[in-house]
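This report describes one protein chain for a reader who has its sequence and structure at hand. Please keep both in view while reading.

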Amino acid sequence: MQEVSTKPYLLRAIYEWCTDNGYTPHIAVVVDSRTRVPMQFVKNGEIVLNISFEATSGLKMENDNIHFSARFGGVSRDILIPVENVIAIYARENGQGMAFEAPAPATAEAVQESDAPQEPESSAPVLSSVPISEPEKKSADSEEKGDDDPEPPKKGGRPVLTRIK
């Protein structure tokens with residue numbers, strides 16, 4: 001019989017510690033083909049989720065998976081996270097918690113199999129640098145020439161709320 005990892009037990013213990021002390025438990029997760037999360041919130045292949053009682057519905061932290069329902073932009077989503085993909089659990093208020101090793105990368109065969117049906121993941125947006133616009137170039141040139149007198153910010157009073165009917 002294969003021994004069960006201590007990780008799910010530690011996750012449940014830190015979760016309980018957070019809730020007992022009035023903290024908000026968060027988990028950091030590595031996203032792969034087995035993880036069901038809203039992909040628009042994934043950054044650098046990871047996502048951080050609030051798993052507090054107030055933020056989730058039907059939270060179940062089992063030995064293999066964590067699953068629950070949560071609202072993202074007002075839309076309820078079912079979330080499924082393999083326990084091995086959790087890389088940290090911590091309290092939002094003070095950062096105390098526990099970090100874990102990231103899961104081992106999948107073998108080349110597994111990656112090819114999982115990439116075939118998962119085209120939206122592979123076509124994720126990519127960041128690229130943007131050239132400096134003309135007004136910014138001019139201000140950069142004036143700094144190089146020694147103009148140390150940039151235009152001072154306009155002084156105004158307190159902000160005013162204007163009612164528009």
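## Overall architecture

How many helices and strands does the chain have? The model, which is predicted, contains four helices and seven strands. Along the sequence these elements follow the order α-β-β-β-β-β-β-β-α-α-α.

The chain consists of 165 residues, and buried residues account for 25% of them. Its accessible surface amounts to about 12,800 Å², and carbon and sulfur atoms contribute 52% of that area. Contacts across the sequence may also be considered. Of the contacts between residues at least 6 apart in sequence, 53% join residues that are at least 24 apart.

## Helix H1

Helix H1 covers residues 7-20, a run of 14 residues. From its first C-alpha to its last it reaches 20 Å, which is close to the 20 Å expected at 1.5 Å a residue. The buried residues of H1 are Lys7, Pro8, Leu11, Ile14, Tyr15 and Cys18. When the helix is viewed down its axis, these buried residues fall within an arc of 130°, and they therefore line one face of H1.

Against which strands do the buried residues of H1 pack? Their partners are strand S1 (25-30), strand S3 (56-61), strand S4 (65-72), strand S6 (86-91) and strand S7 (97-99). Just after the helix, Gly22 adopts a positive phi of about 80°.

## Salt bridges

The count of salt bridges comes to three. Arg34 takes part in a salt bridge with Asp32, with the closest N and O atoms 3.1 Å apart. Arg34 also meets the side chain of Glu84 in a salt bridge, at 2.9 Å from N to O. This second pair links distant parts of the chain: Glu84 belongs to the loop between strand S5 (75-82) and S6, whereas Arg34 belongs to the loop between S1 and strand S2 (46-50), and the two are 50 residues apart.

## Aromatic pairs

Two aromatic pairs are counted in the model. In one of them, the ring centres of Trp17 and Tyr23 lie 5.4 Å apart and the ring planes stand at 50°, so the pair is tilted. Trp17 has a relative accessible area of 30% and is partly exposed. Tyr23, at 27% relative accessibility, is likewise counted as partly exposed.

The rings of Phe41 and Phe72 form a tilted pair, because their centres are 5.4 Å apart and their planes are at 35°. Phe41 lies in the loop between S1 and S2, while Phe72 lies in strand S4, so this pair ties together parts that are 31 residues apart in sequence. Is each of these two residues buried or partly exposed? Phe41 counts as partly exposed, at 39% relative accessibility. Phe72 counts as buried, because its relative accessibility is 15%, under the limit of 20%.

Ile81 is located in strand S5. With a relative accessible area of 0%, Ile81 is buried. Which residues are in contact with Ile81, leaving aside its neighbours within four places in sequence? They are Ile27, Val29, Thr35, Val37, Leu49, Asp64, Asn65, Ile66, Phe68 and Val86.

One of these contacts, Thr35, shows how sequence separation and spatial separation can be compared. Ile81 and Thr35 are 46 residues apart in sequence, and their C-alpha atoms are 5.1 Å apart in space.

Key:
Residues are numbered from 1 along each chain as its sequence is written. This is a predicted model: local features need pLDDT of at least 70, side-chain atom pairs count only at pLDDT 80 or more; totals for chains, interfaces and linings use all residues. Side-chain values use heavy atoms; hydrogens and water are left out. The expected span of a helix is 1.5 Å times one less than its number of residues. Buried means under 20% relative accessible area, exposed over 50%, partly exposed in between (1.4 Å probe, protein chains only). The arc is that of the directions from the helix axis to the C-beta atoms. Contact means heavy atoms within 4.5 Å. A salt bridge is a side-chain nitrogen of Lys or Arg within 4 Å of a carboxyl oxygen of Asp or Glu. Accessible areas come from the Shrake-Rupley method with a 1.4 Å probe; for residues, only the protein chains shown count as cover. Rings of Phe, Tyr and Trp (its six-membered ring) pair if their centres lie within 6.5 Å; planes under 30 degrees apart count as stacked, over 60 as edge-to-face and the rest as tilted.
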